[in-house]
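Reader: Can you walk me through this one? I'd like the core, the strands and the charged pairs.

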Amino acid sequence: ARCFGPMSFSVRLSLARRFCSEALTARPRRAVMYVPGSDQRKIDKARTLQADSLVFDCEDSVAYAKKKEARRLIARALKQINFGCSERVVRINSMESGLAEDDLTEILSPDSRPDAILLPKVETAETIFTVGKTKRKKFPVFSNSSCNRKSNRFCLVTSLRTHF
């Protein structure tokens, strides 16, 4: 792991914003629904739920043999299905798994545009920087036309175990 030396909370927050967000805004997420990316029936059902956030999972809820299929189904759903005003989040596989790059390539294609990427099992700040660099190359600003609102580009991080 790369050592960044001692940093104050404000410096760490500034770095996280730089690589993971164009604008952080407070938005209540009262109902968050996790949807296995390999199950088309559950993806179809998700559009009727009116959850604040729909998290399409490529990681733990998907068997290893179905990872490729999950990417394809999620990308197709983001292109073709109107999820109303629900925030569309994709939980990719961890960077250490060796599957995250394929997830990002498929999910961040020009036609599929999630509102956020959820990074699981983050161990170091370098992981966030790596995903941020990849995301900036592949993730243009877009609008969620079903809600007439501009979407912010951002990532969500779970399990940050090492301080920046």
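Author: What follows is a short exchange on those topics. This is a predicted model, in which local features need pLDDT of at least 70 and side-chain atom pairs count only at pLDDT 80 or more, while totals for chains, interfaces and linings use all residues. Residues are numbered from 1 along each chain as its sequence is written, and side-chain values use heavy atoms, with hydrogens and water left out.

Reader: Fine. How many residues does the largest nonpolar core have?

Author: The largest nonpolar core has 24 residues, and I43, F56, F83, V90 and I117 have the most contacts inside it. Such a core is a set of buried Ala, Val, Leu, Ile, Met, Phe, Trp, Tyr and Cys residues joined through side-chain atoms within 4.5 Å. Buried is under 20% relative accessible area, exposed is over 50%, and partly exposed is in between (1.4 Å probe, protein chains only).

Reader: Which helices and strands each supply at least two residues of this core?

Author: Helix 2 (40–46), helix 3 (67–80), helix 4 (100–107) and helix 5 (125–138) do, along with strand 2 (53–57) and strand 4 (116–119). Helix 3 gives the largest share, 4 residues. Helices (H or I, at least four residues) and strands (E, at least two) are DSSP runs, numbered from the N terminus.

Reader: What does F56 touch?

Author: Not counting residues up to four places away in sequence, F56 touches V35, I43, I74, L78, F83, R88, V89, V90 and R91. Contact means heavy atoms within 4.5 Å.

Reader: Strands next. In which sense do strand 3 and strand 4 pair, parallel or antiparallel?

Author: Strand 3 (residues 87–91) pairs with strand 4 in the parallel sense, over 3 bridges; pairing requires at least two bridges found by DSSP. The chain gets from strand 3 to strand 4 through helix 4, in a right-handed β-α-β crossover. Right-handed means that, with the strands pointing away from the viewer, the path from the first strand over the helix to the second runs clockwise. V89 stands opposite A116 in strand 4.

Reader: Which way do the strand 4 side chains point?

Author: A116 and L118 point one way, I117 and L119 the other, and all are buried.

Reader: And D103, buried or exposed?

Author: D103 is buried, with a relative accessible area of 0%. D103 is in helix 4, and its side chain makes a polar contact with the side chain of R71 (2.4 Å). A polar contact is a pair of N or O atoms within 3.5 Å; within protein, one must be able to donate a hydrogen and the other to accept it, and residues adjacent in sequence count only if both atoms are side-chain atoms.

Reader: How many salt bridges does the structure hold?

Author: The structure holds 10 salt bridges, each a side-chain nitrogen of Lys or Arg within 4 Å of a carboxyl oxygen of Asp or Glu. D57, E59, D60, R91 and K121 are linked in a network of them.

Reader: What are the closest N and O distances for K121 with E59 and with D60?

Author: For E59 and K121 they are 2.4 Å apart. E59 lies in the loop between strand 2 and helix 3 and K121 in the loop between strand 4 and helix 5, so this pair ties together parts 62 residues apart in sequence. For K121 and D60 the distance is 3.2 Å.
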